[in-house]
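Dear colleague,

Please find below the structure for your review, followed by a short account of what was found in it.

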Amino acid sequence: MRILVQPRGPPQAPRPLAVRLLAVAVSLVALAGIALASTAPADADAEVAAVRRAQNQSLFWGTYRPNLYFGTRTRTPETLLTGLMWFGLGSMAAMPWDNIRHTCEQGDHLSGYAWNKHDGRSYGTQEIKDAANNISITTEFVKVAGGEHGGDWAVRITGTPLSPDALADVSLLFYAGLDGAGRLEPAHDDQQTDEPLVHGSAAALGKFSLAFHQGSDNKPPPASNPMAGRLGLPSLKPPNLAQLNLPRGQVWQIKDFARGMIIQNAQKLLNEHKTFGAAIPLGNLFTLPSSGQDGNVVVYQQALRAPFQIDVAFMSASNRPSGRPIDRTDVSTMTGDKLTALFAEASRKFDERFESTFGLAKRVYSADQVKFGQMLLGNLVGGIGYFHGTSIVDRAMEGMEEEEPVDFLAVTDDPDDVDDDEDAYFGGASERTVSRKPNPQLEGPQTLFSDVPSRPFFPRGFLWDTGFHQHLVGVWDNDLGLEIMSHWAALIDPNGWVAREQILGDEARSKVPQEFQTQYPHFANPPTLITGLTRYLERLEAANPAEAPVSMGQGVDTVGSLQDADLLAKQHLTSKPAAASYLHKVYADFKRQYLWFRRTQWGQIAEWGRSTSTNEAYRWRGRKGDHTLTSGLDDYPRGSQPHPGELHVDLLSWLAFFSRALGNVAARLGLHDDARLFNEQHQNMLLSLEELHWDEASQSYTDLSVDEQGQSVHIVHKGYISLFPMILGLLKPDSPHLGAILDLIEDPQGLWTPFGLSSLAKSDALFGTGENYWRGPIWMNINYLTLQSLHKNYANKPGPHQEQAQRIYQTLRTNIVENVYQEYVNTGYVWEQYSPHDGQGKRSHPFTGWTSLVLLMMAEKY
């Protein structure tokens, strides 16, 4: 059976709407036929369902609030949100009310924070160094599987002074809030005021309880003023348990609510004790008022002098025999010494699995370098989040790119109504051919389970980033990576478009400037997820060679799976029915995305006198001045002004990779007609790379544009875009152009630095100019692709440039690993980018998105 693969978009005449709808219907019927034809026997269906259940239960709870220093939630829209806050009690001059730690903020100026270990499912340990308050806070998290609602979990919060010679007094707040219908009710037990117990229920969670357990050495800060004892203030030794009633959907704003109530309560105390207000201990002064009212949020607050330890345990009634009510005997199984034992065992297993997976100790890395590698993995998978909400989409121009090469949004009858900046963005007045005005609308809600580039600065899903992330996530936990990719694939709309930035809900929008919140369905982003799917195919081939017969009904022990991290991580490698089911689903989604690229991002050839034996040429839509945000390379130099005649070599390279990858999936699924058509398109794209984009004069692959005389010209800015045909493995080892690319890489006036490859050649006039985002700084995603391709395609395969490829690979890998590690030692962080001059980390930090790929470089896992 054949699924038609559409040709590229215009300059072919657009088909009438009715014809296009009929083609879509035919494709859907064909796809349904394939699904029916490959339906497995009942035992295979049961196996697929069992794998699905096991994965859902294993991933139900997690540290899925990456924008917080610590927080948990479930993978359901209505959930119990928990989180940690703290502020210093050192002095009034430090304005504690304005320095409450909660969301990850670069402005907090912490000395460092990261998940030093995290397995992405059931265990993690994080250290947060808050120098301003002289405290190191460790959060350790563990889950125990069982029941129907993801089992139990616990977090231990430990505080120690950073400097033993100075005091570390803090007010610690841990909250739990129902974001949706449900009930929270503190247990009334006068004998256990030091260790509160809260019972609750919600549709997605069933009945549950939260317990708080004190470390035996906990103590509050002593009063510094002898008059304090005469004020009749409550003791600071027991914790304060406050219950708040927050509007639905606003639990994420609890810091603002808590800050307001703390200030109000402080003002009340100062008014009551006007004469001796200065004697009020700060722990008493800045306390949430206790309330007897019912509420959807409980806040545990305690004034503590480090060292201290607090255990918080969530216990599901469905994980108890017969679902019996939870009592204090259950608390002891998830706190204190038993919790210590759970952490020790989980840490031991993590260490063993990490070494088995990456083998850093065998490669003679030091113990500190191994810990660095563990942190790179831990903060990436510990930064996975669950997001749900509406997004802002402007579909005013949807469909236009299939007929006209336009990039604008706002068009009026009077050209003076459109400002110059907007004019530059959307291509200039000369291109305005259709009157369509901006029309941003809320769409959704939608759901996304995804890793994020940076917890403080980019705590949401980015399409171009997450494809790179899956290279590491998939090596560590194959099925976790597949789960993330399936969520992204599900966001690909019926037309084939997916927003490059997923800003879902008010909480996500609060971190994004308003001008960047709207997404446009004719704007693309590099289709990097297909690289993650390619890596999965490689792992699947290694585990199940294509020629091996497909066995059905192998059987999946769901309960056993939940207890075995190794088994959970590989179910879509060991279960062939699950693998086949997954590939059929995402293949349809990614093919739809590929066809969208061909339909909307096509480029002009004949209009500008260009000659090529194919019609494969493409242009990123959405340029603004000297920025092409849609390409992912932002300010990388293109043509001096946006022009509809531009052709972009990186986009053609991405689609050449995309076509090859889809062809490989189609072949594995037995869709031979699709595989043949994808291969044909792939070969045509390779021809276009040579015929259109290779510039003999500069000996480089370039973009094309149109000069003032209307002639097609090469736009020569040697840098990352010059590498794309090589780093995506589109050139053969004996390519006549490979040597020029390797020379550009090795040239000190080209891309070579002692710290990694710079994004733009130093000899380029625009090196280091303007915003200087992609005009010189070193980025780990492109350096990783370079090392990956050198290792897989050139350094280990015979060819005229093999020796040069080997030399570059070895030196470049060493330089990158040494510099990123040393900067981590020096600063406490890994960074978004690195200086080509001295290797110093720049911009966002911690940035354990694609910078975490350094771990794969260390392990040589490509």
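Strand 2 (residues 71-74) and strand 3 (residues 79-88) run antiparallel and are joined by 2 bridges. Within this pairing, Thr72 has Thr82 of strand 3 as its bridge partner. Please note that the model is a predicted one.

Both strands belong to an open sheet of 6 strands, ordered 1-2-3-8-13-12 with antiparallel pairing. Strand 1 (61-62) and strand 12 (240-244) each have a single partner strand, so one side of each is left without a neighbour in the sheet. Helix 3 (residues 254-272) lies across strands 3, 8, 12 and 13, at about 50 degrees to strand 3.

A hairpin is formed by strand 22 and strand 23, with 5 residues between them; Gly710 in the turn has a positive phi of about 80 degrees. The two strands run antiparallel and are joined by 4 bridges, and Ser705 stands opposite Val713. From strand 22, Asp703 and Ser705 point one way and Leu704 and Val706 the other, yet all are buried.

The count of salt bridges comes to 39. In helix 6 (residues 336-358), Glu345 and Arg348 lie 3 residues apart, about one turn of the helix, and their closest N and O atoms are 2.5 Å apart. Glu345 also forms a salt bridge with Lys349, at 3.9 Å between the closest N and O atoms. Another salt bridge, between Glu860 and Arg363, links distant parts of the chain, 497 residues apart. Finally, Arg121, Arg353, Asp477 and Asp566 are linked in a network of salt bridges.

Yours sincerely

Notes
Residues are numbered from 1 along each chain as its sequence is written. This is a predicted model: local features need pLDDT of at least 70, side-chain atom pairs count only at pLDDT 80 or more; totals for chains, interfaces and linings use all residues. Side-chain values use heavy atoms; hydrogens and water are left out. Buried means under 20% relative accessible area, exposed over 50%, partly exposed in between (1.4 Å probe, protein chains only). Two strands pair if DSSP finds at least two bridges between them. Contact means heavy atoms within 4.5 Å. Axes are lines fitted to C-alpha atoms, for helices over the stretch in contact, and angles run from 0 to 180 degrees between N-to-C directions. A salt bridge is a side-chain nitrogen of Lys or Arg within 4 Å of a carboxyl oxygen of Asp or Glu.
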